[in-house]
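Morning, everyone. Please bring the model up on your screens. I will walk through it in a few minutes.

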Amino acid sequence: ATKYMSSSFLNEFEEEKYAKYNQSIWYHVQSLHGIHHDDYNYEEIQEVIKGNLKTFVDVCSKGFNSSSRLLNKLGIDLGYSLKVFVSIIVMEAKLQSELNYALEAVIKHMT
C-alpha cells in the first residue's frame with residue numbers, strides 16, 4: 001500500500017509516474033537489503049532515482065554513522081516534504097525486507 005502513496009508536492013507527476021517513482025525507491029531499498037525480484041528491471045532505478053535523492057535513500061536505509069550532517073544538507077537540497085515522503089517508503093520497504101528474512105529463518109527452523 002505504501003509503495004503507491006502520493007503527495008501534493010508531486011503534483012507535476014502523472015499517476016503513472018507516481019507508481020514508477022515509488023516502485024523505484026521501494027525496489028532500490030529492498031535490493032540494498034538483499035532482496036531482488038526477477039520481474040523488475042533494476043535499470044529503471046538509475047533512470048528515476050538520481051543524485052541527492054539516491055544518497056538520501058541510501059543513508060536512510062543503511063543508517064550511516066555520519067548521517068545527521070548529511071541528512072541536514074540533503075534536507076535543504078531535497079525539501080522536507082520529499083524527505084518525509086521518501087522516508088515513509090524507505091521505512092516500509094525496509095520493514096518488509098526484515099520480515100522476509102525473519103519468515104525465512106522461522107521456516108528453516110521449522111523444517
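**Helices, one crossing and a core**

Start at the N terminus: the elements of the protein chain run α-α-α-α-α. Keep in mind that this is a predicted model. The count is 5 helices and 0 strands. The protein chain has 111 residues, and 34% of them are buried. Now the contacts with a separation of 6 or more. Of these, 63% join residues 24 or more positions apart.

Next, a helix pair. Two packed helices are described by the angle between their axes and the distance between the axes. Take helix α3, residues 51–62, and helix α5, residues 80–110. Their axes come within 10 Å. They cross at roughly 45 degrees. The crossing of α3 past α5 is right-handed.

Which residues in α3 and α5 meet? On the α3 side, they are Leu53, Phe56, Val57, Cys60 and Ser61. On the α5 side, look for Leu82, Lys83, Val86, Ser87, Val90 and Lys94. By class, this contact has 7 nonpolar, 2 polar and 2 charged residues.

Now the core. The largest nonpolar core holds 19 residues. Which of them touch the most other members? Those are Tyr21, Ile25, Leu53, Val57, Leu82 and Val86. Four elements are listed as giving two or more residues to this core: α1 (15–32), α3, α4 (67–78) and α5. The most come from α5, with 6 residues.

We have now met Val57 in the α3 contact with α5 and in the core. What does Val57 touch, not counting residues up to four places away in sequence? The list is Ile25, His28, Val29, Val86 and Val90. Two of these, Val86 and Val90, are also on the α5 side of the helix contact.

Find Ser97 in helix α5. Is Ser97 buried or exposed? Its relative accessibility is 1%, so Ser97 counts as buried; the cut-off for buried is under 20%. Leaving out residues up to four places away in sequence, Ser97 touches Gln30, His33 and Ile35.

Over to you for questions.

How values were computed: Residues numbered from 1 in each chain as written. Predicted model: local features only at pLDDT ≥ 70, side-chain atom pairs only at ≥ 80, totals over all residues. Heavy atoms only, no water. Axes fitted to C-alpha atoms, helices over the stretch in contact; angles between N-to-C directions. Left-handed = near helix turned anticlockwise from the far one by under 90°. Contact = heavy atoms within 4.5 Å. Nonpolar A, V, L, I, M, F, W, Y, C, P; charged D, E, K, R; others polar. Core = buried A, V, L, I, M, F, W, Y, C linked by side-chain atoms within 4.5 Å. Buried < 20%, exposed > 50% of the residue type's maximum accessible area, 1.4 Å probe, protein only.
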